[in-house]
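Subject: Structure handover

Hello,

Here is the structure I promised to pass on. Please open it first, then read the notes below it.

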Amino acid sequence: MASSSKMETDEAQEEEVEHFDDFTLASPWEKFISDIEAVCRQWISDGPKNLLKKDAREVLEEFYKVKYELKFALKSYCMEYYFGSKNDGNDMVWDSRLHDLQLCFGVKDFLVIAPQSASGVVLDVPEASKLLSAVAIALSNCSSLWPAFVPVLVPARRAYIGIQNMGTVFTRRFEADLIGSQVPVKLMHLEGLYELFVSKFAYSTLDFAMHLFKVHFTMKLTYRSLPHDDDDVQGADADVIESGDDLGGDMHNRTQWDDDCPWSEWYTAEDPVKGFELVALWSEKVVESSMEMAELENSLPHEAEKWILSPNMSSILTDSSEGNRVGFASQLCLLVDALNTSFEAQFMEDFVSVENPGSDHLKSSMVIPPPTVIDRVLKELFHDGARFRSFASGERKTSRIKAAPLESLFAQFCLHSLWLGNCNIRAISVIWIEFVREVRWCWEQSQTLPLTPAFGSIDLSTCVIYQKLHMLAICIERKRQLNEEFQDCVASMDHSSPRTEEDGLDEGSDDSCIMQTPAENLDGKRDSPAIPDDLQDSEQCVSRLGARPEHATVSSDLKPLGCIRRGSAGVTGMMLLNSYQSMHAPFTQEPPLMTEDMHEERLQAVEAFGDSLNFSAFLEREILTSDMSAFKAANPDAVFEDFIRWHSPGDWESDITNESGSPNNPTREGPKDDWSPQGRLSKRMSESGNLWRKIWNDAPALPASEQKPLMDPNREGEKILHYLETLRPHQLLEQMICTAFSAAADTLAQTNYGGFKQMTTKLDQLYLTVTSALRPLQANHLSAHTDTIEDIRRLSGVFEHVEKLLIIAASLHRKFLQAPRLSEAIFRDCCNFYFPRMGTSSSGNNAPKEFEKQQVVTMNERPVVSNMFTPPTANQSWRKVLSLGNLLNGHEPVLREIIFSKRDKVSGNHYAARTPSAYQDELETYRMYICGTSNDLRVALSVVSCD
């Protein structure tokens with residue numbers, strides 16, 4: 001028994017020896033510290049440059065972070081190292097680009113360790129202290145001076161604890177917390193905040209008001225302009241209704257910010273500048289008592305050292321999705337879609353016809369506006385329209401685009417069409433059909449076509465529809481003149497006595513009512529672009545006849561007996577070949593008006609039959625007959641050669657030259673044997689069977705006033721209406737797109753935006769881009785689903801970017817009329833912010849997400865900015881009780897930020913022992929950052945101690 005008990009005792013002793021604690025092995029806590037140390041050493045070794053090349057991510061401007069995941073006690077933690085190139089000096093203390101912890105504690109680079117949980121904060125205080133101790137030991141082993149922070153409590157409080165090893169002597173500890181509600185009244189005032197800071201280092205039994213403490217103080221106040229108050233507008237409406245006064249117009253529309261902008265006729269744009277934030281900065285000063293803080297609270301923001309202004313921009317700058325597009329750009333994009341659909345039918349009526357089976361899918365997806373809307377649009381176009389205003393030279397920057405002028409009828413039709421039924425093809429078809437009916441009614445009733453000139457020549461640089469409408473307006477005017485003259489002739493015949501017909505006149509003399517005789521047109525020639533340049537030298541003729549107009553007088557003393565000279569505009573300076581008579585230039589009819597398609601038809605005919613003299617004469621037969629008849633009437637003794645010398649001097653080859661070397665000196669005088677010009681017709685004019693000579697022989701001697709008009713207004717008017725009624729849908733949409741882009745750009749260009757240089761450049765670039773992108777539409781060879789349509793759709797996106805910038809420029813300009821430098825500087829920041837987004841569907845990863853640019857306000861600009869903060873209205877005043885001081889026109893700051901600091905000299909006090917040379921001068925021993933509003937208060941404190 002004794003031996004057995006002895007054996008059991010030996011076994012127990014052996015077990016005790018085998019299970020001893022080996023303290024040479026690392027504990028989990030030590031391994032955790034070792035892992036933190038290894039990561040920190042790696043980050044220190046890499047340095048900022050190498051970290052940027054690896055996995056560093058930018059969190060703020062030039063401020064980055066790297067992170068590493070750690071595990072301890074079955075929990076996962078994330079350690080983040082924040083670093084950047086900014087310093088933490090006083091000049092950067094209120095830099096808006098600082099991180100929150102940099103601003104709270106005045107640090108530069110720092111570490112943050114937090115659990116990987118839903119809250120992201122340490123809820124247990126012992127755990128937080130243990131984490132902070134682990135990081136502090138690891139950093140001390142690395143000889144690193146990085147401060148380390150741990151988020152604690154709940155995320156909403158933004159509370160932190162932290163520590164920083166400042167060397168061998170000093171340690172700085174950090175603590176931050178937030179009072180989310182029920183802030184003590186005392187802490188809402190600067191005096192109470194000052195006493196709160198002093199209480200951290202002074203004895204609690206002292207009366208702070210009776211003792212002086214040198215405390216460094218700096219403050220930042222943020223003011224925000226109030227949004228537009230709808231209650232005031234409704235109250236004003238109610239007052240008007242009660243009084244019974246009808247002020248006319250829509251009260252809501254009168255309160256829109258862009259009522260006087262050129263685009264307001266078509267849409268109302270959201271004001272991109274929602275308001276402003278003004279930051280007033282007080283420079284650092286030394287405060288010695290709470291009484292000084294009370295005085296500072298009563299001071300005005302105008303006493304601040306610096307004002308910084310930043311606009312509160314709407315989402316118009318950042319949101320480019322199609323659903324949020326506004327303005328012309330959104331409707332132009334829909335018009336491009338209508339062009340793509342227009343190839344599905346041959347006539348516009350097919351899109352609205354009930355008998356067309358192919359339009360069933362269109363009826364289900366595309367709606368048309370009600371008849372009342374159509375009637376209102378037609379009333380605005382045809383009955384309320386103003387007179388046409390022609391553009392001055394150089395006013396139309398889109399002159400290189402074949403489009404209608406902005407103030408024309410067709411341009412206004414296109415702009416109206418943009419806003420009808422989401423600008424789908426069915427809505428356009430309905431309004432176009434009704435539009436053509438109104439045009440025909442004006443034609444049949446001889447009513448003036450509104451917003452269309454009834455005079456002048458056809459501008460071939462515009463679209464064909466505008467050319468047709470212009471020509472139709474002229475036809476209506478001439479048709480009305482013919483009707484009025486006919487009625488006058490009938491009335492005069494009814495009231496006049498029978499009279500004998502005068503010599504030289506017959507029944508055809510009634511046509512004298514047709515032509516007007518412009519006595520000022522002494523050269524008697526008209527612009528005939530349809531005649532090839534080699535058949536006439538109009539410039540030579542005009543210069544010869546108009547060089548000395550004072551000598552071109554109408555005379556009858558040289559007329560031979562028995563000859564009646566009719567329709568003479570004056571002497572040309574040349575002599576007739578067969579008689580010693582002066583050649584007279586006749587009055588001729590104006591050339592018939594022709595649109596671009598008519599010129600193209602003639603050009604195609606010339607290319608098909610060759611550029612022969614006889615064919616050209618055949619095309620111009622009516623014009624040549626008219627000119628020859630007028631020339632014969634003005635020169636009864638003239639021969640064919642005389643007409644050629646006047647009409648086409650290049651086809652007369654002269655044998656005699658004057659002293660200057662030019663043939664046919666028109667002013668030459670001498671004996672009868674010498675006066676006859678020596679020369680001959682050109683080869684082509686002297687050929688047998690020449691059609692010009694045949695026309696000369698057949699042409700009667702009639703002045704222009706007695707001739708039949710070259711252009712029949714009734715016939716041409718019906719042709720134009722037939723063109724409008726049978727126009728192909730894609731041809732209409734092509735011209736509508738060109739005109740709509742041109743008219744929209746011209747409308748926006750009328751905006752008063754202060755002449756910002758960048759905006760002017762963007763508008764000029766827009767015109768060039770529009771011109772280049774729309775050029776394929778002028779070739780008339782477009783088909784559905786082509787690259788050209790996609791290019792035009794992208795053009796609407798470019799148009800949208802410029803339109804947004806223009807709206808921003810207009811808003812800034814009207815807000816800073818007395819401070820143009822400030823408005824242009826803010827707009828420049830907007831452009832730099834927005835330019836990276838132009839031409840892309842997304843802003844990209846490198847572009848900033850929000851507009852946060854700020855501008856320093858000069859002393860001269862402060863009154864302008866101050867006036868933007870208008871005193872609160874009655875409705876706005878009762879909503880909030882003012883609790884903070886430093887009011888700006890009745891506005892209290894929405895955010896007040898204060899930094900208190902206390903600095904001590906290290907030598908000569910309890911910090912002096914073993915003090916490093918780096919801290920021999922002065923050390924910031926206490927620092928408190930306070931950020932608060934009338935509803936909350938956040939305090940961040942850092943304290944330096946000697947451990």
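The notes below go from the whole chain to single residues.

**Overall**

Please keep in mind that this is a predicted model. The protein chain has 28 helices and 18 strands. Of its 947 residues, 46% count as buried. Contacts between residues at least 6 apart in sequence were also sorted by separation. Among them, 73% join residues at least 24 apart.

Start with helix α5, residues 190-198. Seven of its nine residues are buried, so the helix is largely enclosed by the rest of the structure. Those buried residues are L190, G192, L193, Y194, E195, F197 and V198. What covers them? The cover includes strands β8 (215-224), β9, β16 (895-904), β17 (923-932) and β18 (937-946), along with helix α8 (290-297).

Y194 and F197 belong to one cluster with F201, F213, F217, F900 and Y926.

V287 counts as buried, at 1% relative accessibility. Leaving out residues up to four places away in sequence, V287 touches Y194, F213, K214, V215, F217, E292 and M293. Y194, F213 and F217 are members of the aromatic cluster. F900 is another member of that cluster.

**Aromatic pairs and charges over rings**

How many aromatic pairs are there? The count comes to 39. One of them is Y267 with F328, an edge-to-face pair. The centres are 5.4 Å apart and the planes stand at 90°. Y267 lies in the loop between α7 (251-254) and β9 (273-287), while F328 is in helix α9 (residues 328-341). The pair links distant parts of the chain, 61 residues apart. Both residues, Y267 and F328, are buried.

Two lysines sit over rings. K468 lies over the face of Y723, 5.1 Å from the ring centre. K815 places its charged end over the ring of W257, 5.8 Å from the centre.

**Helix α24 and two partners**

Helix α24 covers residues 757-774.

Take α23 first, residues 729-749. The axes of α23 and α24 come within 11 Å and cross at roughly 175°. An angle over 145 degrees counts as roughly antiparallel, and α23 and α24 are therefore roughly antiparallel to each other. On the α23 side, the contact is made by I737, C738, F741, A745, D746 and A749. On the α24 side, L763, Y767, V770 and L774 take part. By class, this contact has nine nonpolar residues, no polar ones and one charged residue.

Now α26, residues 820-834. Its axis is 9 Å from that of α24, and the packing angle is about 45°. The two helices, α24 and α26, are therefore oblique to each other. Here α24 contributes K757, Q758 and M759. Helix α26 contributes E824, F827, R828, C831 and N832. The classes in the contact of α24 with α26 are three nonpolar, two polar and three charged.

**Y77 in strand β3**

Y77 is in strand β3 (residues 75-84). Is Y77 buried or exposed? It is buried, with a relative accessible area of 2%. Y77 and S117 are 40 residues apart in sequence, and their C-alpha atoms are 8.6 Å apart in space.

**Two positive phi angles**

A73 has a positive phi of about 55° although it is not a glycine. It is found in the loop between β2 (63-72) and β3. A73 is exposed, with a relative accessible area of 53%.

S143 is not a glycine either, and its phi is positive, at about 55°. This residue lies in the loop between α4 (125-141) and β5 (148-152). S143 is exposed, with a relative accessible area of 66%.

Best wishes

Methods. Residues are numbered from 1 along each chain as its sequence is written. This is a predicted model: local features need pLDDT of at least 70, side-chain atom pairs count only at pLDDT 80 or more; totals for chains, interfaces and linings use all residues. Side-chain values use heavy atoms; hydrogens and water are left out. Axes are lines fitted to C-alpha atoms, for helices over the stretch in contact, and angles run from 0 to 180 degrees between N-to-C directions. Helices (H or I, at least four residues) and strands (E, at least two) are DSSP runs, numbered from the N terminus. Angles under 35 degrees count as roughly parallel, over 145 as roughly antiparallel, 65 to 115 as roughly perpendicular and the rest as oblique. Contact means heavy atoms within 4.5 Å. Ala, Val, Leu, Ile, Met, Phe, Trp, Tyr, Cys and Pro count as nonpolar, Asp, Glu, Lys and Arg as charged, and the others, Gly among them, as polar. Rings of Phe, Tyr and Trp (its six-membered ring) pair if their centres lie within 6.5 Å; planes under 30 degrees apart count as stacked, over 60 as edge-to-face and the rest as tilted. Buried means under 20% relative accessible area, exposed over 50%, partly exposed in between (1.4 Å probe, protein chains only). A charge sits over a ring if NZ of Lys or CZ of Arg is within 6 Å of the ring centre and within 35 degrees of the ring normal.
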